[in-house]
Amino acid sequence: MKKYILYSLFTAITLNSCTGDFEEMNVDPNNLTEVGKREMPFMFAKAQSSSALNRSFYQTVQNLGADLYSQYFALTSTSFATDRYVLTPDWQRRFWTVVYVDTAPQLKSILENADPNSGEQALANILWVYAFHRLTDHFGPIPYFDAAEPQDVIPYDSMDKIYDDFFKRLDTAVTDLKGLSSGTTVFKGYEIMYDGNVDNWIRFANTLRLRLALRISNIDPDRAKTEAEAAVASGVLTDNSQNAFLQKVQSGNDTNGLAQVAAWNEFAMSSTIASYLKGYEDPRLSVYFQPSIKTGEYNSIRNGLSPTSLGESRNTPSYNSNVGTYWAVKKEDNTFSPNLTASFHIMCCAEAYFLRAEGALNGWNMDGTAKELYEEGIRKSFEQWEIENSADEYINSSKLPVAPGDSDSSPAVSTTPVKWAQSINQQREQIGTQKWLAIFPNGMEAWTEYRRSGYPVMYPVVQSDNSLLPQGTFINRLPYPLTEQANNAEELEKGRKLLGGPDDVTTKLWWDID
């Protein structure tokens with residue numbers, strides 16, 4: 001694994017950004033020996049776009065993986081088998097390319113060349129944590145502390161040490177941002193999430209810290225409490241005006257990846273989410289999905305259908321519900337037009353409220369009761385999607401999930417209501433379920449949180465074609481890329497020992513304990 005700094009810098013400079021023409025710089029990458037203030041904004045925007053998966057990587061890295069494992073979607077296409085837990089080994093490599101080639105070198109250069117304790121360093125540290133937390137939560141121990149260093153062999157690091165560094169970086173970044181003069185912006189005109197708004201970056205960093213604190217709440221509850229309370233005290237996302245959305249553009253690869261794959265119409269609403277949305281009479285159903293082309297109704301299928309079942313007319317794409325019109329719009333010929341410029345959702349304030357609600361159940365100081373924070377999370381989600389229906393009516397509903405009406409005659413997936421329950425165990429399930437609904441379509445975070453918390457309750461896949469995952473079990477992680485065996489074999493073996501189990505889909509990650 002090498003530090004592709006010249007390649008990465010050239011890519012950053014020539015990328016056609018939604019906020020500036022990188023090609024105007026007219027820089028010869030062969031003569032580029034240092035990074036200055038002129039180059040940093042372009043490099044940061046490149047890292048932002050890459051870290052969240054642009055069109056080139058979204059399908060194979062997320063849509064055919066975590067989006068299915070989180071059971072937001074189920075495959076209607078027979079071209080792929082990942083819904084039945086059959087992995088394509090080369091796809092694991094693509095996620096590593098996203099982080100180690102297209103993101104980390106740019107951020108490393110900024111961290112090495114920006115002024116100490118500057119806003120530029122702070123934003124680079126926050127984005128570094130964002131990119132790497134998604135990677136380690138997929139695989140486990142990864143090359144981390146020496147990432148983007150100019151060396152061929154990079155050692156693996158354990159997840160506990162990686163998470164410790166996450167918290168330190170976020171704490172330092174927020175401290176540095178709060179030390180800037182009032183009105184200061186960072187990378188304004190180039191930064192594609194908040195356009196350099198420091199206050200919003202502080203809230204994003206603190207909410208990311210809160211997310212990671214809950215992630216370790218079972219394995220290290222004392223550290224989790226400390227980090228969570230510090231994050232809330234410092235200020236997390238509380239309003240939809242602070243939501244972290246990445247701007248997207250029509251040209252090049254910097255488009256909305258989900259919108260692109262939605263236009264191909266190869267997946268549909270999963271019966272798991274259909275059971276919840278239909279049973280709760282959740283008005284977000286018509287936002288998250290659109291009616292079937294064939295029936296005009298909201299139809300779903302189970303995850304893991306066999307090729308034979310997928311060939312049945314009831315399970316074809318035209319019979320089932322594609323993702324909502326925010327991402328793709330049905331045309332007169334019944335194909336779909338992608339909304340490539342739709343902003344890509346990184347993190348929304350509703351998630352922060354549900355994280356705080358769970359923290360409050362843990363006895364942490366989250367500036368509110370669990371019930372208050374849970375209910376406000378629902379309100380914020382409705383507000384985010386401009387739902388006109390009263391959120392309070394939904395919050396006080398005793399309606400339950402229902403049979404989704406799929407070809408497998410599946411029963412209701414769960415029996416938990418929306419209305420705040422009396423038992424703590426059911427309250428935890430309610431928080432996990434409503435958070436899962438609110439963060440749609442963030443399949444990466446949803447799959448990770450399902451592994452960590454066990455919520456929401458999901459259907460098992462109908463058929464597993466992976467002998468390591470018999471029917472009724474769920475996938476726990478992705479194996480390391482084959483390229484690591486070829487290029488970093490000695491360190492890979494050390495990483496596998498840190499994993500604490502076989503390098504396959506069954507081994508649970510460090511924070512994933514019962």
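Predicted model: local features only at pLDDT ≥ 70, side-chain atom pairs only at ≥ 80, totals over all residues.

Trainee: In which helix does I431 lie, and is I431 buried or exposed?

Mentor: I431 belongs to helix α18, which spans residues 424-438. Its relative accessible area is 2%, and the cut-off for buried is under 20%. I431 in α18 is therefore buried.

Trainee: Which residues does I431 touch, not counting residues up to four places away in sequence?

Mentor: Sequence neighbours up to four places away are set aside here. The contacts of I431 are then F354, A357, E358, L361, Y374 and W420.

Trainee: How many aromatic pairs does the structure hold, and what is the geometry of the pair formed by Y276 and W436?

Mentor: The structure holds 46 aromatic pairs. For Y276 and W436, the separation is 5.5 Å centre to centre, with 70 degrees between the planes. Planes over 60 degrees apart count as edge-to-face, so the pair of Y276 and W436 is edge-to-face.

Trainee: Which parts does the pair of Y276 and W436 tie together, and are Y276 and W436 buried or exposed?

Mentor: Y276 lies in helix α12 (residues 271-279) and W436 in helix α18, so the pair ties together parts that are 160 residues apart in sequence. Y276 has 0% relative accessibility, and W436 has a relative accessible area of 2%. Against the cut-off of under 20%, Y276 is buried and W436 is also buried.

Trainee: What is the geometry of the pair formed by Y326 and W385, and where do Y326 and W385 lie?

Mentor: Y326 and W385 are 5.7 Å apart centre to centre, with 90 degrees between the planes, and the pair is edge-to-face. Y326 lies in the loop between α14 (307-310) and β6 (328-330), whereas W385 lies in the loop between α16 (370-384) and α17 (391-395). The pair therefore ties together parts that are 59 residues apart in sequence.

Trainee: Which of these classes, buried or partly exposed, applies to Y326, and which to W385?

Mentor: Residues count as buried under 20% and as partly exposed between that value and 50%. Y326 has 25% relative accessibility, while W385 has a relative accessible area of 10%. Y326 is thus partly exposed, and W385 is buried.

Trainee: How many residues of helix α19 are buried, and which residue just after α19 takes a positive phi?

Mentor: Helix α19 covers residues 443-453 and is mostly covered, with 10 of its 11 residues buried. Among the buried residues are W447, Y450 and R451. Just after α19, a positive phi of about 85 degrees is taken by G454.

Key
Residues numbered from 1 in each chain as written. Heavy atoms only, no water. Helix = DSSP H or I, 4+ residues; strand = E, 2+ residues; numbered from the N terminus. Buried < 20%, exposed > 50% of the residue type's maximum accessible area, 1.4 Å probe, protein only. Contact = heavy atoms within 4.5 Å. Phe/Tyr/Trp six-rings, centres within 6.5 Å; stacked < 30°, edge-to-face > 60°.
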